Amino acid sequence: MSGIIGYIGNKRVVPVLLDGLRRLQYRGYDSAGLAVMRNGALEIRRASGRLRNLEEVIRLNPLDGTYGIGHTRWATHGAPTEANAHPHCDCQGTVAVAHNGIIENYLELKRELEAKNHKFVTETDTEVIAHLIEEYLDGHAVSAPTVPLEDAVRAAVRRLKGVFALAIASTRDQNKIVAVRQGPPAVIGLGKDEYFVASDVPAILYHTRDLLFLADGDIAVLTPHGVKLMDFDGQPVTRRVQHITWEPILAEKGGFKHFMLKEIYEQPRAVRDTMLGRFSAESGQVFLDEMEITEEDFRSFRDIKIVAAGTSQHAGLAGKIMIERLAHVPTEVDYASEFRYRDPLVNSSTLTLLLTQSGETADTIAGQREAQAKGSKTLAICNVMGSMVPREANGTIYTYAGPEMAVGSTKTFTAQLTALLLLAVYLGETRGNLRPEQAKPLLSDLARLPRQLESVLERDEEFEDLARQFYRSADFIFLGRGAHFPIALEGALKMKKVSYIHAEAYPAGEMKHGPNALITDGLPVVVIATCDPRAADSKVRYERTVANIKEAKARGATIVALVSEGDTEASDMADYRIVLPATHDLLSPILEVVPLQLLAYHIGVLRGCDVDQPRNLAKSVTVE
């Protein structure tokens with residue numbers, strides 16, 4: 001999951017490339033490098049570690065040029081060293097390649113090229129690509145005296161097995177960048193007499209909002225005069241220009257110390273924008289965006305499969321409860337990485353629902369294609385317009401969270417929960433299982449939710465004080481029941497991800513089946529014990545959760561309880577309490593996750609962790 005940037009135009013190329021890499025660091029930060037064309041030769045600077053190391057290299061050894069490519073790496077093949085940093089070159093230093101992905105047959109190709117006297121100097125699979133392109137540029141396999149770069153690239157990529165996004169420049173065919181997509185994302189930016197290639201939108205958002213999202217098998221040729229698209233056979237292809245509405249300021253920290261904190265604070269706006277225009281609290285009706293899936297289709301589906309990864313999978317677990325409770329449709333939730341390998345029971349009567357922030361997660365795309373191959377219609381809930389999953393889906397509900405830069409997802413999670421709630425209500429009404437008058441109280445509570453989120457955020461100092469009590473802890477346990485168990489999972493994931501503290505989450509009723517053995521004196525146990533007194537099942541869950549608090553407390557645990565306004569029983573037993581506004585039981589998860597995000601954030605900061613870019617992780621997992 002590396003980041004690629006390329007630029008050809010009239011601006012100074014190095015500042016453009018470095019700025020693009022800075023905005024792509026969430027995709028990888030093990031090493032970084034640039035290759036810039038200057039006076040007919042490629043100049044390359046690389047460094048291991050964070051981007052600031054590359055900037056220092058350039059400060060000590062400046063470079064400039066007319067166009068170039070850059071890369072920030074998340075190591076998948078070869079150690080994160082300066083030698084293995086991209087871009088990589090051929091034997092003669094005439095071809096530079098930046099690569100995101102994995103070449104599965106690189107050893108076979110490497111042996112073939114070594115037999116032809118190519119000299120390899122790195123441990124990476126990427127270097128094979130540069131040498132293979134060199135081979136075709138030399139005309140060894142192409143019968144032409146002068147081979148255009150794109151033709152050599154086409155010949156090379158047809159030999160590659162695996163997944164890859166590429167940006168390529170060569171001294172032998174100048175004023176040209178060739179970009180390729182086969183798996184990981186690649187976006188082409190269209191400016192005024194300037195053109196960009198990038199792995200993600202934020203890298204080029206300050207320069208242009210007019211983008212072409214490449215599809216698998218696309219090759220783009222960027223020159224100072226425009227962009228030409230073709231497939232691997234050289235046949236012209238067309239892609240619709242997408243105008244991105246995100247404001248560039250959304251990709252900036254905006255005065256916050258970290259992107260993660262900024263994005264936590266953007267959640268009221270993200271939830272409000274995601275539900276805007278999609279329901280009427282007065283009539284109790286929900287309206288979905290126009291799509292290929294018809295009302296009759298929604299009425300006829302016999303089951304739903306939710307496919308997602310990471311934080312999105314936790315949203316899916318909460319969505320399952322929403323859908324089954326409101327629409328009475330049997331729903332299963334799968335890890336995207338497991339879905340296609342278990343030969344899922346999916347057919348034309350199944351709706352497959354894909355949850356993804358980026359729309360480019362490799363496992364989720366693979367799951368989508370598996371479902372489609374078995375006749376299922378697919379519906380995406382996604383944050384990035386024009387990305388692969390929405391393009392291939394039969395319908396999309398976009399979340400309007402804006403660009404998310406921190407590796408730990410926050411605002412897209414609450415936006416996904418909002419979209420799932422709206423979908424559940426729509427399904428219930430469309431299928432005749434939920435009358436509009438039954439939906440009105442829920443939708444009225446939903447309309448109040450953004451302000452309630454703001455009220456929780458106004459108490460951030462309280463959560464920072466709580467973090468000071470626990471930042472030296474070695475372990476955490478998170479407990480919840482029903483729709484609140486996925487929030488416990490998400491709280492534990494955030495704690496692990498940004499503070500490096502070991503954390504586990506369990507359904508509260510499962511503690512006596514084994515996890516009680518983990519409780520020692522002082523172990524922090526975070527219990528989600530909110531209650532909607534209007535709902536009988538919520539009161540039952542609350543009473544049983546209170547019993548779990550008593551059990552944990554009796555064994556020496558330190559209890560942090562999330563409770564609803566007016567609560568007394570759970571609050572009185574807890575060592576620390578987080579009081580949340582009262583709302584519908586299915587909406588409480590959206591409120592509950594915010595203090596857990598802030599608790600993890602502040603503990604991570606107190607422990608000196610990089611909360612935006614945790615070790616060994618990248619934002620968008622675009623290779624399996």
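User: Is tyrosine 500 buried, partly exposed or exposed?
Analyst: In this predicted model, tyrosine 500 sits in the loop between α16 (485–499) and β23 (502–507). Its relative accessible area is 25%. Buried means under 20% and exposed means over 50%. Tyrosine 500 is therefore partly exposed.

User: What is phi of tyrosine 500?
Analyst: Most residues other than glycine have a negative phi. Tyrosine 500 is not a glycine, yet its phi is positive, near 65 degrees.

User: Which loop holds histidine 328?
Analyst: Histidine 328 also has a positive phi, about 60 degrees, without being a glycine. Its loop lies between α9 (311–327) and β18 (331–335).

User: Which residue does a cis peptide bond join to histidine 86?
Analyst: Omega of this bond is about -5 degrees.

User: Is aspartate 445 buried or exposed?
Analyst: Aspartate 445 belongs to helix α14 (residues 436–457). Beyond four places in sequence, aspartate 445 contacts Arg534, Thr583, His584 and Leu587. Its relative accessible area is 5%, and the cut-off for buried is under 20%. So aspartate 445 is buried.

User: Which strands stand at the edges of the open sheet of eight strands?
Analyst: The order is β3-β2-β4-β1-β10-β9-β11-β14, with antiparallel pairing. Each edge strand has a single partner, so one side of each is left without a neighbour in the sheet. The edge strands are β3 (41–48) and β14 (242–243).

User: Which residue in β10 stands opposite isoleucine 188?
Analyst: Strands β9 (residues 187–190) and β10 (residues 195–198) run antiparallel and are joined by four bridges. Across from isoleucine 188 is valine 197.

User: How many charged residues are in the lining of the second largest pocket?
Analyst: This pocket holds about 420 Å³ of space. Its lining has 18 residues, with Arg22, Gln25, Lys253, Phe259 and Gln613 closest to the centre. Both α1 (13–23) and α2 (51–60) supply at least two lining residues. By class, five are nonpolar, three polar and ten charged.

Conventions:
Residues numbered from 1 in each chain as written. Predicted model: local features only at pLDDT ≥ 70, side-chain atom pairs only at ≥ 80, totals over all residues. Heavy atoms only, no water. 1 Å grid on protein atoms, 1.4 Å probe; cavity = no way out; pocket = protein on both sides within 12 Å on 5 of 7 lines; lining within 4 Å. Points joined across faces, edges and corners; volume = space filled by probe spheres on them. Nonpolar A, V, L, I, M, F, W, Y, C, P; charged D, E, K, R; others polar. Pairing = 2+ DSSP bridges. Buried < 20%, exposed > 50% of the residue type's maximum accessible area, 1.4 Å probe, protein only. Contact = heavy atoms within 4.5 Å.
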